[in-house]
Amino acid sequence: MKYTNYQLYVPADVLHDLLDGKTVSEIPDSKPVVLEVSWGPEKESGYQDGHIPGAIHVNSDDFDDENRAYVLESDDVLVKLALSQGITSASTVIVTGDPIFSCRYATILRYLGVTNVFVLSGGVNAWTNAGYQLVTDEPTVTPATDFGCETPANPDVIDTVSETQKMLQESSYTLVDNRTKEEYEGKTSGYSYFDMAGRIEGAVYGYAGINTSGSMLYYRNIDGTMRNADEILSMWKTCGIDTANHLAFMCGGGYRAAEVYWDSLVMGLTDTSLFADGWCGWAQDGLPSVKG
C-alpha cells in the first residue's frame with residue numbers, strides 16, 4: 001500500500017543512500033541534517049556507544065520542562081534548541097531514534113516552521129537490522145543564528161491546554177487518548193514521577209500499547225515500523241473515532257501521541273493535531289477529570 005505522504009517515514013536504505021551522496025527524489029536536500037533523539041546526555045543516552053553516521057544527538061530533556069512533569073518547553077526554548085543544531089526553517093531534517101522520540105521532535109520542528117522534516121522508519125533498529133554500521137565519532141555542529149520565519153509558523157500542529165478546553169465543546173472535534181487502558185481508566189498515572197491519575201472527560205480511548213508508557217504495540221509492526229493504515233483505521237472505528245472530525249492526539253506528555261500524529265500525516269489525514277502537554281499538563285493545571 002502506498003500512503004499519501006509515505007515519504008514522511010524514510011526507510012533505512014534511503015537514508016543510507018543519502019549519506020552515500022546519492023540523490024533521492026522525495027528528499028529535497030541530498031545533505032540533510034540528521035538527528036538522533038533520546039533521553040539523557042550523550043554518554044548516558046548510549047549515543048557515544050554508537051549512532052547513525054553524522055547524526056547530531058538531541059537530549060529530550062532539552063525540549064521538555066523537567067519542572068512540570070516533562071511537558072513541552074516554551075517556544076523560545078524550542079527555537080534556541082533548533083538553532084543550536086544548525087536548523088532553520090529552510091533545513092531538511094531526518095530524525096532518528098525510537099519512533100516516539102523521533103516523531104515528537106519531528107512534530108516540534110514542523111510546528112516551529114521546518115517544512116521538510118522526515119522520520120527514520122523503524123528507528124535505529126531498522127538501520128542495524130539492514131546491516132548498516134553505527135559509528136562513535138561526533139559530527140561538528142555549526143549553530144544557526146536566524147530561524148528564517150516567525151515562530152511558530154504552524155501553530156495548529158500543537159494544541160495548548162486552553163485550546164483543548166475550547167475545542168472539546170465542538171461536535172466536529174475528537175480528543176484521542178493514546179495511553180494504556182489502565183491510564184485511561186485512572187488506575188495509574190503511567191509515570192513514576194507523576195502521581196495524578198485519570199482522564200479528560202470527553203476524550204476517546206484510542207489505544208497505544210500495554211503495560212508501560214513507552215509501549216506502542218497497537219501502532220507498530222513487530223519491526224517497529226508503522227502498522228498498516230487500514231488496520232489503524234479499523235481500530236479507530238471500533239473506538240468510535242470519526243476521521244471526518246478534527247482529531248487531536250494526546251497521551252501523558254506527548255511522546256506516544258506524537259507517533260500517532262505522525263502516522264496520521266503519513267496516511268494523508270490533514271485535520272489532525274497534537275495535544276502535546278496531554279494528561280500531565282491538564283492535571284497539573286487542576287482541570288476537571290474523571291476515572292473509571
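Predicted model: local features only at pLDDT ≥ 70, side-chain atom pairs only at ≥ 80, totals over all residues.
Let me start with the sheet, where five strands, in the order β1-β7-β6-β2-β3, form an open sheet with parallel pairing. A strand here is a DSSP run of E of at least two residues, while a helix is a run of H or I of at least four, both numbered from the N terminus, and two strands pair if DSSP finds at least two bridges between them. At the edges stand β1 (9-10) and β3 (56-59), each with a single partner strand, so one side of each is left without a neighbour in the sheet. Strand β6 (residues 92-97) pairs with strand β7 (residues 116-120) in the parallel sense over four bridges, and Val 95 stands opposite Val 119 in β7.

Residues are numbered from 1 along each chain as its sequence is written, and side-chain values use heavy atoms, with hydrogens and water left out.

Now to the interior. A nonpolar core is a set of buried Ala, Val, Leu, Ile, Met, Phe, Trp, Tyr and Cys residues joined through side-chain atoms within 4.5 Å, where buried means under 20% relative accessible area (1.4 Å probe, protein chains only). The largest nonpolar core has 73 residues, and those with the most contacts inside it are Leu 35, Phe 63, Tyr 105, Leu 109, Trp 236 and Trp 262. Apart from it lies another core, of 17 residues, among them Tyr 173 and Cys 280.

Finally, the spaces. On a 1 Å grid over the protein atoms alone, a cavity is a set of points where a 1.4 Å probe fits but cannot get out, a pocket is an open set with protein on both sides within 12 Å along at least five of seven lines, and lining residues have an atom within 4 Å of a point. Grid points are joined across faces, edges and corners, and a volume is the space filled by probe spheres set on the points.

The structure holds one cavity of 30 Å³ or more, and the largest cavity has a volume of about 50 Å³, with a lining that includes Tyr 9, Ser 121 and Asp 263. The largest pocket holds about 350 Å³ of space, and, of the 17 residues lining this pocket, Phe 101, Tyr 191, Tyr 193, Ser 213 and Tyr 255 are the closest to its centre. Both α4 (99-112) and α9 (255-267) supply at least two residues of that lining.

Terms used. Buried < 20%, exposed > 50% of the residue type's maximum accessible area, 1.4 Å probe, protein only.
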